[in-house]
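Trainee: Could we go through this one together, a topic at a time? I would like to start with the loops and then move on.

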Amino acid sequence: MSQPINNSAQTTLIRGARMAGGETSDILSANGVIVAVGADAAAQTGEQAEVVEADGLIALPGFVDLHTHLREPGREDAETIATGSAAAAAGGFTAVLAMANTSPVTDTAEAAERIAELGQRAGLVEVIPVGAVTAGLAGEQLAELGLMASSRARVRVFSDDGKCVHDSRVMRRALEYVKAFDGVISQHAQDPNLASKSSCCHEGELSGRLGLPGWPSIAEESIVARDVMLARHTGSRVHIAHVSTAGSVEVLRWAKAQGINVTAEVTPHHLMLTTDLLAAYDPVFKVNPPLRPAEDVEALRTALADGTIDAVATDHAPHVRHDKEHAFIDAAFGMLGLETALPVVCTAMVESGMMGWERVAKVMSIAPARIARLATQGRPLVPGAPANLTLVDPHRERVIDRSSSLSLSRNNPWHDRSLTGTVELTMLQGRITARQGNVLGSAYE
Amino acid sequence: MKHLLSIADLSRDEIGEIMDTAISMHDVQRRQVKKLPTLRGRTIINFFFEDSTRTRSSFEIAGKWMSADTINLTGKGTSVSKGESLRDTVKTVDAMGVDMMIVRHMASGAPAQIAQWTNCSIVNAGDGMHEHPSQALLDAYTLRSKLGDLDGKHIAIVGDLTHSRVLRSNLLCLRALGANVTLVAPPTLMPSGIGSWAATDSFEVSYDLDAVLPHVDAVMMLRVQRERMSGGYFPTAREYAVRYGLTARRLALMPRHAVITHPGPMNRGLEISADAADDAQSLVLDQVSAGVAVRMSILFHLLSGEGSSA
């Protein structure tokens, strides 16, 4: 469902942007497509064109988020497809995959089509539904994976996210089944026998001291290890959602070396925030999988830089205030992520010298688009490609203020932190959807 | 000192002051007329989200003997199940203008969170698996009254340590007072990360109770819940009692001066035998008696100390 969006007929010249590879260039888009890049771009520009001065900005393909919770249907008080789309556009995204754990669950073709349609109506990012692996996320019977795949929503990513597909037989069948339509299972790796629903703090000295139920690394790693072997056995594609431990990284590195068809994502928060933030029992830092110690953060950064981890995905998880104002173990899991993803990646990975902008383009756009089999996203900025792009100021510092978010929710763990790197402009199919954190476009009210 | 949330918030001197004041409170307790006027006009809410008999009644008696108006509230079940956030629940009570909330909650950290949301003094009366500071203070008081200064004394803490808030507060309190501490439990009942924790806070860890007992000045037995067996923490009650219970045979391994404590309620026949519980060296009832005096002292230091306001 990627029909052109209204007023994409406009012509825009982006002048003097630095491309991911380092060269400075002009980019001309018309009718939703990049028509010229480089010296001929300005020459081909007509008088009607809007000109964007991009001096000092970096042009990247529009970001693709493999892991977003938009909360609609069911919890429209926390987020809607429209408000989540706005936050995504402001964060530089041109496509988001909407997780299936809504109410009702996205486990039918009809439910999937409805989400895609609401996304199109909002018109700020492509909203692609993720289908549930099992009916009702119950972990028992496969959902109608094939019907979701052949629906107008063209579902390719399936996940019970929030819950692990822990039954080995169900996971094996799901992996085999989606081969018929080149689907992928995105696994929330959490053995429920090793980390229960109440597990809310990385298991270690701090969980011992705080008296919080531990969420041991092994609960993730044992599932990752099993699933890469299942992927090898079935010859299917498996994707590991929100990898959080050094041990999972080791398994993934080994699996990729064997040629196993596995991909993985890491969240921005796992690239920077550590478990010691839980010491004051502030539920804003409660997330699943939990924040880990610094050694894990270091391993995740290395893995993202060296290609062991393929993509950054936000796990944007909005919650209303009162769902976070319970005792720590009773509060909801999750944190906002769409608007802060680029600044975190820039600060953690680029400023630290671990990654260049070409790699940022890869992990935030090209790889996730390929994993989700999105034809019109994650394309290099060359003539003929859809005009989905993001302009980034790599040096601008900003103190994050939770009250300025376009999300309906305020569970922002980055509040009051200074991050480097800002999204200056987002363009979806030739139309500017956001500028400096503000959304443009009539679809958003 | 406005709140008592964790023993970690107290200096060694402050712990000493609370124990010293408790001595005079203990004298009051032995009088026929026990009422002190100290907290007249002050309002204390015992806010118990989890059942408790001894801690609640101990705090209630302490408040009444100091002439505070004490009111008991129970908040059975989580606020989640009632559809009200914990913040709303406690702000409602705080808005009535109370001076102190004494909070027992099944969730670790709840009193610390409540202290962020309210204006009154908060006393942690036990939060999940986290801490039980007043228990640790009364245990230290009881031990000091029998053993003298605890600096350099050796105390073994034995039982279900991973789930115990009494362990966590006692560990902090005893280390702050200079005691040497050895934790004894099967590996499955040790708190997570115990290795690095022991290294940081300088205490010992052992799986062998027989090897530890000959060297102790006190042994602190903690409750083991029978339901832990279903979680696979240990095979049977029988095996636990044989390997870690304080039996008559083990009593004989202890030095003659060594004392026994237990915060209660005791599982006789599991972690402690009747011989040990009723032994002359057992301080179980002294602990209960000290509980009221120490809690009076806590109320005194929080509500009549400098910086508090009516």
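This is a predicted model: local features need pLDDT of at least 70, side-chain atom pairs count only at pLDDT 80 or more; totals for chains, interfaces and linings use all residues.

Trainee: What's the phi of Leu137(A)?

Mentor: Phi of Leu137(A) is near 60 degrees, which is a positive value in a residue other than glycine.

Trainee: And is Leu137(A) buried or exposed?

Mentor: Leu137(A) has a relative accessible area of 10%, so with the limit for burial set at under 20% Leu137(A) is buried.

Trainee: Where does Ser159(A) sit, then?

Mentor: Ser159(A) belongs to the loop between strand S9 (157–158) and helix H5 (168–177) of chain A, and with a relative accessible area of 1% Ser159(A) is buried.

Trainee: Which residues is Ser159(A) in contact with, leaving aside neighbours within four places in sequence?

Mentor: With those neighbours left aside, the contacts of Ser159(A) are Met99(A), Ala100(A), Val130(A), Gly131(A), Ala132(A), Val133(A), Leu137(A) and Ser186(A), so the list takes in the Leu137(A) we began with.

Trainee: What does the side chain of Ser159(A) reach?

Mentor: The side chain of Ser159(A) reaches the backbone nitrogen of Asp161(A), at 3.0 Å.

Trainee: Changing topic to histidines: where is His67(A), and is it buried or exposed?

Mentor: His67(A) lies in strand S6 (residues 63–68) of chain A, and at 0% relative accessibility His67(A) counts as buried.

Trainee: Which side chain does the side chain of His67(A) make a polar contact with?

Mentor: The partner is the side chain of Glu265(A), at 2.7 Å. Not counting residues up to four places away in sequence, His67(A) also touches other residues, among them Leu97(A), Met99(A), Asp161(A), Ala241(A), His242(A) and Asp315(A).

Trainee: You mentioned His242(A); where is the place of that one?

Mentor: His242(A) is in the loop between strand S13 (238–240) and helix H8 (246–257) of chain A. Phi of His242(A) is near 25 degrees, a positive value in a residue other than glycine, and at 2% relative accessibility His242(A) counts as buried.

Trainee: Okay, cis peptide bonds. What is omega for the bond from Ser103(A) to Pro104(A)?

Mentor: That peptide bond is cis, with omega near 5 degrees, and Pro104(A) is found in the loop between strand S7 (93–98) and H3 of chain A. A cis peptide bond also joins Asn288(A) and Pro289(A), where omega is about -5 degrees, and Pro289(A) is placed in the loop between strand S14 (262–266) and helix H9 (294–306) of chain A.

Trainee: Since H3 came up, at what angle do the axes of helix H2 and helix H3 of chain A cross?

Mentor: The axes of helix H2 (residues 81–90) and helix H3 (residues 109–122) of chain A come within 9 Å and cross at roughly 60 degrees, and H2(A) and H3(A) are therefore oblique to each other. H2(A) passes H3(A) in a right-handed crossing.

Trainee: Which residues make the contact?

Mentor: From H2(A) the contact is made by Ile81(A), Ala82(A) and Ser85(A), and from H3(A) by Ile115(A), Leu118(A), Gly119(A) and Ala122(A). Sorted by class, the contact of H2(A) with H3(A) has five nonpolar, two polar and no charged residues.

Key
Residues are numbered from 1 along each chain as its sequence is written. Chains are lettered from A and ligands numbered from 1 in the order in which they are written. Side-chain values use heavy atoms; hydrogens and water are left out. Axes are lines fitted to C-alpha atoms, for helices over the stretch in contact, and angles run from 0 to 180 degrees between N-to-C directions. Helices (H or I, at least four residues) and strands (E, at least two) are DSSP runs, numbered from the N terminus. Angles under 35 degrees count as roughly parallel, over 145 as roughly antiparallel, 65 to 115 as roughly perpendicular and the rest as oblique. A crossing is left-handed if the near helix is turned anticlockwise from the far one by less than a right angle, and right-handed if clockwise. Contact means heavy atoms within 4.5 Å. Ala, Val, Leu, Ile, Met, Phe, Trp, Tyr, Cys and Pro count as nonpolar, Asp, Glu, Lys and Arg as charged, and the others, Gly among them, as polar. Buried means under 20% relative accessible area, exposed over 50%, partly exposed in between (1.4 Å probe, protein chains only). A polar contact is a pair of N or O atoms within 3.5 Å; within protein, one must be able to donate a hydrogen and the other to accept it, and residues adjacent in sequence count only if both atoms are side-chain atoms.
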